[in-house]
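Please inspect the sequence and the model before reading the solutions.

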Amino acid sequence: MALITILSALNCAVGAPHGLNARGQPGARPPNNNDEMRDLQWGDLNFLHTTDTHGWLAGHILERQFSADWGDFVSFSEHVRQLADSRGVDLIMVDSGDRHDGNGLSDASKHDGSKALPIFCEADYDVVTVGNHELYRGAAARQEVRRIRKRYGERYVVSNVELVSGQSWVPMGAKYRLFTTKNQNKRVLALGFLFNFVGNDKLVTRVTKVEDELEKQWFKDVERDILPNVDYVVVAGHVPLRKFPEFTYVLNKIRAVNKHLPVSFFGGHSHIRDYRIYDDYAVGLQSGRYCETIGWASANISSGTELSVNFSRSYIDFNPRAFAYHVGQPDNFLTEHGRTVSKAIRKVRKHLDLDAHKADVPQNYYTDRAPFPSNRSLYSLIQEKVLPLLTSPEIIQGMTRFVFLNTGAVRFDLFKGPYTKDTGYILSPFKNQWLHIPRVPRSVAEQILPVINGFDRVLEKKSRHEPNQTNSWGPREAIDSGAEQTVLGTPKASCGYRTTDDLGDDGDSTVHSPWKFYPLPNAFQTITQGTEPHFYDEEELVSLIFHDFLARFIDKALNQIGRPELFKPTFHGGEPLIDLLPQYFNSL
Ligand SMILES: *[C@@H]1O[C@H](CO)[C@@H](O)[C@H](O)[C@H]1NC(C)=O
Ligand SMILES: *[C@@H]1O[C@H](CO)[C@@H](O)[C@H](O)[C@H]1NC(C)=O
Ligand SMILES: *[C@@H]1O[C@H](CO)[C@@H](O)[C@H](O)[C@H]1NC(C)=O
Ligand SMILES: [Zn+2]
């Protein structure tokens with residue numbers, strides 16, 4: 001009786017595991033079997049889209065809704081291709097980049113990505129493009145060419161990035177790809193663009209602004225010889241569908257040649273699910289992040305005199321139940337190839353020792369799925385319990401410390417269960433150093449945080465709900481309980497994404513109670529009161545401590561406060577955040 005009472009208090013079901021229980025990765029849990037599903041709508045052309053995978057090819061071990069692995073995705077895509085063949089229609093698979101940084105599978109190997117990229121390459125993409133995370137370090141850019149371009153050849157489409165080769169610049173991939181689909185004989189032009197990114201290693205790569213690239217001779221040739229003669233344009237871009245102007249530049253060029261040519265954009269970078277209708281013949285899909293989402297899109301193209309195109313879209317949760325459901329294979333889902341890929345992932349995870357246990361996390365802590373401050377907020381935990389543990393060098397011991405952290409420094413939620421080596425890579429893929437400014441008047445220190453939070457530049461933080469904000473969020477309580485429980489009585493939907501886009505809010509193929517997302521400040525601070533405060537002219541002098549990433553913002557803030565001369569940071573040393581967290585849990 002007590003159990004029923006507890007469960008009926010939950011707003012989301014927490015899983016009734018049947019079938020598909022044997023997961024590819026040890027510890028991964030099956031999703032809720034009772035969630036209502038929406039069918040995919042097929043067309044003449046059908047697309048599977050991934051973006052911003054960031055190394056999450058093992059899936060989400062602690063999140064049942066995303067517990068498939070790349071092997072399951074390979075099985076899924078092979079079934080979809082077979083179904084397409086049997087229906088006489090076509091499948092085009094697209095990836096929009098950012099394969100590095102965010103998960104141990106990618107980042108814990110000696111050469112970041114060297115173990116994960118070969119696994120990624122098991123998927124049979126038709127169009128693959130590059131993200132900014134492939135370009136921060138020259139080594140990653142070269143590896144991209146060695147592995148991704150080598151594997152995908154002309155299907156690696158990078159229209160506006162070049163790579164150094166001796167004394168000259170050469171295109172990083174194909175500028176465009178022209179191909180004819182197998183079953184429908186559609187002539188397709190594929191382009192691949194990175195947004196106007198400036199943070200690349202400029203000795204090794206060169207990013208040309210999209211609007212400038214479109215003025216080059218190769219694109220003039222495309223306008224003259226190709227655009228008038230194709231049936232469809234596919235643009236893979238590491239570009240969000242909104243606020244960023246790059247896709248609009250591309251569309252304007254296409255429309256100047258042909259007002260009715262069907263165009264599908266496949267975007268990325270801002271880590272959200274989104275779908276945009278540009279005009280009657282052009283649409284865009286963006287498929288989330290971190291192997292949480294497989295995007296589905298389709299198009300029917302009329303063959304009569306009056307051209308008409310009908311499009312559809314779906315966001316598929318990255319779990320084996322959803323995959324098996326959509327290909328009608330509940331009992332015989334895994335393909336031989338898919339199994340092999342899952343096995344390869346297990347082997348790499350073991351080799352990299354990603355399950356190495358560091359601490360136990362007693363509850364879930366959220367980044368943007370809990371209000372800040374609150375007792376479910378990971379940032380509150382860090383602010384109140386974890387940052388005070390940071391060890392300071394002798395010269396500032398006893399002084400009051402202002403420790404600043406940008407919310408973007410922590411990229412993902414922390415779930416109840418084991419804190420492993422992998423957890424560190426997931427929470428914070430950035431290699432940050434603590435810096436400090438040892439003697440700053442308290443009255444100045446106190447002004448810094450409000451100034452930083454007034455900057456409109458959101459520091460490294462990409463909100464995943466914007467622009468899909470909705471006021472229809474239902475109430476939501478304890479979710480993702482670690483315990484295996486059986487739902488009694490009427491099954492309720494589990495919590496998850498409910499996306500609002502240009503077609504409404506019925507795009508998510510699993511019907512969920514919607515997650516609620518909360519706004520976050522750019523940064524927060526922890527003040528540890530000194531035991532032997534320092535004074536000068538009756539004002540207390542305090543020490544400012546912050547990540548090197550925040551340095552330029554602290555600089556800017558001191559400028560704005562009118563004390564730019566105080567900006568003289570030096571190395572502070574001390575434990576990285578991802579080591580302080582397990583230290584805290586082990587002290588409980
Ligand atoms: C395409 O046409 C088929 C057959 O009429 C229909 O079942 C399907 O829903 C259509 N798809 C789209 C995207 O309109
Ligand atoms: C698109 O949908 C409309 C309305 O259902 C239909 O009349 C039209 O024939 C469809 N066009 C194509 C190309 O499927
Ligand atoms: C967390 O905060 C909520 C709301 O403020 C409160 O009801 C709850 O008891 C708190 N939980 C814990 C474990 O402190
Ligand atoms: Zn990304």
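**Exercise 1.** By class, how many nonpolar, polar and charged residues does the lining of the second largest pocket have?

*Solution.* This is a predicted model, in which local features need pLDDT of at least 70 and side-chain atom pairs count only at pLDDT 80 or more, while totals for chains, interfaces and linings use all residues. Residues are numbered from 1 along each chain as its sequence is written, and side-chain values use heavy atoms, without hydrogens and water.

Step 1: Sort the lining by class: twelve residues are nonpolar, six polar and five charged. Nonpolar covers Ala, Val, Leu, Ile, Met, Phe, Trp, Tyr, Cys and Pro; charged covers Asp, Glu, Lys and Arg; the others, Gly among them, are polar.

**Exercise 2.** State the class make-up of the shell around ligand 2, and locate the polar side-chain atoms of Ser 308 and Asn 310.

*Solution.* Step 1: The shell has one nonpolar, four polar and no charged residues.

Step 2: A polar side-chain atom of Ser 308 is 3.3 Å from a nitrogen atom of ligand 2. For Asn 310, a polar side-chain atom is 2.3 Å from an oxygen atom of the ligand.

**Exercise 3.** Which value does phi take at His 271, and is this residue buried or exposed?

*Solution.* Step 1: Most residues other than glycine have a negative phi. His 271, not a glycine, has a positive phi of about 65°.

Step 1: His 271 is buried (under 20% relative accessible area, with a 1.4 Å probe and protein chains only), its relative accessible area being 4%.

**Exercise 4.** Identify the peptide bond between Phe 372 and Pro 373 as cis or trans.

*Solution.* The bond is cis, with omega about 0°.

Methods: Chains are lettered from A and ligands numbered from 1 in the order in which they are written. A polar contact is a pair of N or O atoms within 3.5 Å; within protein, one must be able to donate a hydrogen and the other to accept it, and residues adjacent in sequence count only if both atoms are side-chain atoms. Buried means under 20% relative accessible area, exposed over 50%, partly exposed in between (1.4 Å probe, protein chains only).
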